[in-house]
Amino acid sequence: PLEARAALSPAEILRYSRQLVLPELGVRGQLRLSRCAVLVVGCGGLGCPLAQYLAAAGIGRLGLLDHDVVEMSNLHRQVLHGEAREGLPKALSAAATLRQLNSTGQYVPYHLALSPSTALELVRQYDVVADCSDNVPTRYLVSDACVLAGKPLVSASALRLEGQLVVYNYQGGPCYRCLFPKPPPAETVTNCADGGVLGVVPGIMGCIQALEVLKIASGIGSTFNQFMLMFDALEDRFRNIKLRPKKPDCAICGDKPTMTSLQDYEAFCGSSATDKCRTLRL
Amino acid sequence: PLEARAALSPAEILRYSRQLVLPELGVRGQLRLSRCAVLVVGCGGLGCPLAQYLAAAGIGRLGLLDHDVVEMSNLHRQVLHGEAREGLPKALSAAATLRQLNSTGQYVPYHLALSPSTALELVRQYDVVADCSDNVPTRYLVSDACVLAGKPLVSASALRLEGQLVVYNYQGGPCYRCLFPKPPPAETVTNCADGGVLGVVPGIMGCIQALEVLKIASGIGSTFNQFMLMFDALEDRFRNIKLRPKKPDCAICGDKPTMTSLQDYEAFCGSSATDKCRTLRL
Amino acid sequence: MAAPMSLLVEFGGGAELLFDGIKKHQVTLPCQPEPWDIRNLLKWIKQNLLKERPELFIQGDTVRPGILVLINDADWELMGELDYKLQDQDNVVFISTLHGG
Amino acid sequence: MAAPMSLLVEFGGGAELLFDGIKKHQVTLPCQPEPWDIRNLLKWIKQNLLKERPELFIQGDTVRPGILVLINDADWELMGELDYKLQDQDNVVFISTLHGG
Ligand SMILES: [Zn+2]
Ligand SMILES: [Zn+2]
């Protein structure tokens, strides 16, 4: 975490006054937010609303990671990037918009793809990680890095008219591998380009994801440990699903882990983390 | 509605490609969004995320109504207004940000408080109304105007760590007065300044509200007719509540309505629609 | 003679602030000659759970305007309102309407 | 001899695309000598509901990696997985994990 502070400034008391009066948060919770560093993996449909509300709420430092540049087809859901940002790296565009919203936070753009050689060092610099990525290899990579670094992971996903959210590696709960020891066959994985997505669905999921990050960072605590939230936008239905506990035989978070370092995730999943067309026909 | 169009432009096809592939929306739904006019009553914690996702999705015209100006204490939840907008009318600030996101939409700012003398004429110019206001008199006024003008009303609210959402006056369902024939005693009404609100809670509710507007505007249809969505952020729990049908004896939408025009809502509710300190001690 | 009955009574939207801020109350109603209905439940809540300013919750023999009553996730108007006969394990929610935005 | 059983079987997260795009299936399982468990249900689904490319749903005698099975809103790992004995009116959900963002 960032350096501890004893008190809020008068400007901070004014800015956050509407949430400081909440007994669940209070000055103590706000001070915790101000010293918390959150890594946002992916500045797309989920990362935009997530980072927007984390910055607004006073998270001290946001790492903004994305290897991609802004395209016009992003703008129906990636609301931090305006038309003028076309062609700019998403990480830089997101940081620029967030600075206009709350200049007291630190925004660290990473215009790169998360890779096994750098992920662990990066994750270690943050307190909470939000997985807003859009492909299977990155989801395994982020989760494994969070296990090895001992960081809670708030993970959301959205496709078509559905969304899912789980908090992994939190308070003794399961990791991504506990739930999904084997990756899905590459030909069963649909991305947003092929399957489509209604823009406000990642909007809703990214906001709920921001809520869970704020609850963890402030000390309120998340209830999504060992729970999955499922959302169906067509039916307007949210379901809370009780999940399995941490698995003793999990390859990375179990009692006798067989994995002690990061691996080659594209080979493991049979798909690429950065291609626009993600399915490798093997 | 705005003028009907026969086809999308190549730029629109590119911009909305990720949602055009959804069979539930398709080109037909997108064309409906492009000719739809939505009135957003209140550009605060709910109105900001709502307007952001409606503009991004390609709603043809957004009316942006708010009598207030941007203050620093708004920025923890009112994410369309940056620090540089302090003191500017919220309606103008919102319109400026939305134009950067999607310049193809029309944004009509109304820097005024909704009043019984102007509300009906205004509401008649729109197809769907989103109530993002923050006080009881305005909620009755908006609902009554929607009944008299025959427009569906997507209404959301948020306070502390809770949110509520209902679609009123839609497909034969109830209006706000059917549910709440009498206003609450003024001393029981808490506003965001007194009660506080975690910023991302109106973020979540405003996004879900945008989803319902988009479902109504595109022809998918909302399922929240005669249903209320309740959200508790502390428990991470959403509940869908089955509501009463339209009431035959409702004063404004019933079989023999006693109200045929708008009334004095501040007197009816015993509170003001625009005071910062809203409770009039009578 | 009605048997004792277990209910989950919940308060939300700010109504819980009249009940020490506690949202969920697992309640056991005693045996009584008449069947328990919502009318009786309101009296019982006023005597046993309400901590302060009862007029902000109950007015006359019903809840004050602006509080919605939900019985097993349905508006009480669909269930008979004050006359609804409570069943063992029913879930009754009193929710204050929110107006913030 | 197990009596006929009514289940609500749901598919989501894209898994419904293998079932004509239909998410909810009200299913009645016939009488059979053995009790119905998830292992038998998967066979029955393969024979009676699956419309195309069964390998994208079932591999060996279980669901393919990346599909979560939920029994009455709980992860099937908590319920005994393939050996869970189905009860009348159970809700069984097969949900594809989403990866989009
Ligand atoms: Zn694990
Ligand atoms: Zn009515």
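A disulfide is counted here when two cysteine sulfur atoms lie within 2.5 Å of each other. With that in hand, welcome to the close-ups. The model is predicted, so local features need pLDDT of at least 70 and side-chain atom pairs count only at pLDDT 80 or more, while totals for chains, interfaces and linings use all residues. Residues are numbered from 1 along each chain as its sequence is written, chains are lettered from A and ligands numbered from 1 in the order in which they are written, and side-chain values use heavy atoms, with hydrogens and water left out.

**View 1. A cysteine without a partner, A:Cys36.** The sulfur of A:Cys36 has its closest cysteine sulfur in A:Cys146, and at 13 Å this is too far for a bond. Over all chains, the disulfide count comes to zero. A:Cys36 has a relative accessible area of 5% and is therefore buried (buried means under 20% relative accessible area, exposed over 50%, and partly exposed in between, with a 1.4 Å probe and protein chains only).

**View 2. The zinc ion (ligand 2) and its four cysteines in chain B.** The SG atoms of B:Cys175, B:Cys178, B:Cys250 and B:Cys253 coordinate the zinc ion at 2.3 Å. Donors are N, O and S atoms within 2.8 Å of the metal (3.2 Å for Na, K and Ca); water is not among the atoms, so sites may look incomplete. Angles among the four donor atoms run from 93 to 120 degrees, and the site is tetrahedral (for four donors, all angles must lie between 85 and 135 degrees). For comparison, the ideal angle for four tetrahedral donors is 109.5 degrees. Along the chain the donors follow the spacing C-x2-C-x71-C-x2-C. Distant parts of the chain are linked here: B:Cys175 sits in the loop between β6 (162–168) and α8 (176–179) of chain B, and B:Cys250, 75 residues apart from it, in the loop between β8 (237–242) and α11 (265–269). Helices (H or I, at least four residues) and strands (E, at least two) are DSSP runs, numbered from the N terminus. B:Cys175 and B:Cys250 are both buried, and B:Cys253 counts as buried at 8% relative accessibility.

View 3. Rings of Phe, Tyr and Trp (its six-membered ring) pair if their centres lie within 6.5 Å; planes under 30 degrees apart count as stacked, over 60 as edge-to-face and the rest as tilted. The count comes to 21 aromatic pairs over all chains. One of them joins B:Tyr168 and B:Tyr176, whose ring centres are 5.5 Å apart and whose planes stand at 90 degrees, so the pair is edge-to-face. C:Phe11 and C:Phe57 are also edge-to-face, at 5.8 Å centre to centre and 70 degrees between the planes. Because C:Phe11 lies in strand β1 (residues 5–12) of chain C and C:Phe57 in the loop between α1 (38–48) and β3 (58–59), this pair ties together parts that are 46 residues apart in sequence. In chain A, look for one aromatic cluster formed by A:Tyr140, A:Tyr168, A:Tyr176, A:Phe180 and A:Phe268.

**View 4. Helix α4 (residues 47–57) of chain B.** This helix is mostly covered, with eleven of its eleven residues buried. Among them are B:Cys48, B:Leu50 and B:Tyr53. Just after α4(B), B:Gly58 takes a positive phi of about 100 degrees.

Key:
Tetrahedral: all angles 85-135°; square planar, octahedral: opposite > 155°, others 65-115°.
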